[in-house]
Amino acid sequence: MPELLRYLLVILGVVLAPLTIAAGLTWGERRLLALFQDRYGPNRVGPAGVLQVLADMIKILTKEDWVPPFADRPVFVLAPAIIIIATYLSFAVIVFAPGIAVAELNIGLLFFLAMSSLSVYSVALAGWASNSKYALLGSLRSIGQMLSYEVFMGLSLMGVVVMAGTFDLGAIVRAQAGLWYIVPQFIGFFIFFIAGLAETRRIPFDLPEAESELVAGFHTEYSGMKFAMFFLGEYVAITLFAAMLTVLFLGGWHGPGSQSTLVALGWFLLKTLALIAVFILIRASLPRLRYDQLMEFGWKVMLPLSLVNLLVTGAVVLWRG
Amino acid sequence: MLSLLRTIWSVFLHAFARRATVQYPEQRPYLAPRWRGRIVLTRSPDGRERCVACYLCAVACPVDCIALQRAVDAEGRHYPAFFRINFSRCIFCGFCEEACPTCAIQLTPDFEMAEYHREGLVYEKEDLLISGPGKYHAYDYYHVAGIAAADKDKGEAEGERPPVDTRGLLP
């Protein structure tokens, strides 16, 4: 019975933690952006403005939930749900601390890649169902971008898989007990980081929702809670990619100090939040790429680089026996 | 690539820079004495209204937000029977102040005029009139400098004031 209770607690934690972080990020991102731009950001509601999250929630929940008459209604309603489900399911395979995971699959990494591919459907369906030119253009860009960046996102992780010899995320973290994979696999880390930015459609890869050209891209026609779902989906995806970077390259729960589960969870959380802060720092500093630059960068720089990385890693692993 | 990293680093350094924001309700911005804010009607040093209801402010106003009506009191002195400024139209350009021949209408360094209802922004004469002389402490339109005569210069006789220096920058 305590085993079952512990399992339920883990599931509850895995459901609530990303949601809390994503909700907190709507405030945290604005505060951090303000920090980098010599401003204060939202600091009025509650201590340091943390209750801004609540205020925004009240505002967006009381908005009219409007579906445009020209939209394809069932698909239009379905699309925002898919992005949440797809990004959320990936959290099931992440190993947060020894034994703290919903499912320690032996193909956890493949599951993650499959789920992150599924979120393309959400964007494609949202753009198509909106039946509006900006939404369609945004979603077409998004499909092109996400598909081409997924190719080398998967390839960049193969270096880690070759070194650890497994797709099991828990085993990958345990293999990093001595040396974090960011050192031998720095190129892999770099490529996966950039692919993560592109997959979550963050600046400098935010072409799908480029405000200055496409109004809001694929979610132009969305309002109220459905819009909030896309927004939440983006923040959950950022959290997911930060967590995956932590698991695959930054040694997961490893860190100095005692080996108790709580300390391990603390290290994991610290690394994830630090990576999210770096994502936000990049958003504060870099301008948006042009579409042809984006494609060229993806196919002509990142793909060969990840292939070379995989080749060299494979050669070194074979040579060492 | 290197320039991108340099950009990111220099943006990161801004985290430790001084904030540009003024935390308004607690921390108030400095407003210069000549700041163009809420409009007032001032009085002469002797406490009487300066306004002579010449309508020049209403003519000068580019958005037609000033309305007034001339009346004549027992002494034959002109004054506004009513004086109304619609601050929901006012653009705080200060043309009325420039047009005023008697320094009666003046703009003050105050901008906190928010109202829940639009009608609250229509100020009547009793809302506009203040008890003091505003920016021009000694000025009185009805005091004359007189004319220069053989035995005296301008403003030297009894009941006269020295003339205003019209070339000076300061009022």
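Student: How much space lies in the second largest cavity?
Tutor: This is a predicted model, and the values are computed from it. A search of the whole structure finds four cavities of 30 Å³ or more. For the second largest cavity, the space comes to about 80 Å³.

Student: Which residues lie nearest the centre of the second largest cavity?
Tutor: The lining of this cavity consists of 14 residues. By class, 13 of these are nonpolar, one is polar and none is charged. Nearest the centre lie Cys51(B), Cys54(B), Cys57(B), Cys100(B) and Pro101(B).

Student: Which element gives the most to the lining of the largest cavity?
Tutor: The largest cavity holds about 100 Å³ of space. Its lining has 13 residues, and Thr87(A), Ser119(A), Glu199(A), Ala237(A) and Phe241(A) lie nearest the centre. Two or more residues come from each of helix 3 (73-90), helix 4 (108-130) and helix 9 of chain A. With five residues, the element that gives the most is helix 9 of chain A.

Student: From which element does the largest share of the lining of the largest pocket come?
Tutor: The largest pocket has a volume of about 850 Å³. It is lined by 32 residues, and Thr26(A), Ile60(A), Phe227(A), Phe231(A) and Tyr235(A) are the closest to its centre. Helix 1 (2-36), helix 2 (52-61) and helix 9 (224-248) of chain A each give two or more residues to this lining. The largest share, eight residues, comes from helix 9 of chain A.

Student: How many residues in the lining of the largest pocket are charged?
Tutor: Asp, Glu, Lys and Arg count as charged. The lining of the largest pocket also includes 16 nonpolar and four polar residues. The number of charged residues is twelve.

Student: What area do chain B and chain A bury between them?
Tutor: The size of an interface is often given as the accessible area lost when the parts come together. Here, 16 residues of chain B are in contact with 14 residues of chain A. Of the area buried, 62% is on carbon and sulfur atoms, and the total is about 1,300 Å².

Student: Which residue of chain B forms a salt bridge with Asp38(A)?
Tutor: Between chain B and chain A the count is two salt bridges. The side of chain B that touches chain A has nine nonpolar, four polar and three charged residues. In the salt bridge of Asp38(A), the closest N and O atoms are 3.9 Å apart, which lies within the 4 Å limit. The partner of Asp38(A) is Arg19(B).

Student: How many residues apart are Arg202(A) and Glu29(A)?
Tutor: Over all chains, the count comes to 17 salt bridges. In one of them the side chains of Arg202(A) and Glu29(A) meet at 2.6 Å, N to O. Arg202(A) is in the loop between helix 7 (186-199) and helix 8 (211-214) of chain A, whereas Glu29(A) is in helix 1 of chain A. This pair links distant parts of the chain, 173 residues apart.

Methods
Residues are numbered from 1 along each chain as its sequence is written. Chains are lettered from A and ligands numbered from 1 in the order in which they are written. This is a predicted model: local features need pLDDT of at least 70, side-chain atom pairs count only at pLDDT 80 or more; totals for chains, interfaces and linings use all residues. Side-chain values use heavy atoms; hydrogens and water are left out. On a 1 Å grid over the protein atoms alone, a cavity is a set of points where a 1.4 Å probe fits but cannot get out, and a pocket is an open set with protein on both sides within 12 Å along at least five of seven lines; lining residues have an atom within 4 Å of a point. Grid points are joined across faces, edges and corners, and a volume is the space filled by probe spheres set on the points. Helices (H or I, at least four residues) and strands (E, at least two) are DSSP runs, numbered from the N terminus. Contact means heavy atoms within 4.5 Å. Buried area is the accessible area (1.4 Å probe) that two parts lose on being put together, summed over both.
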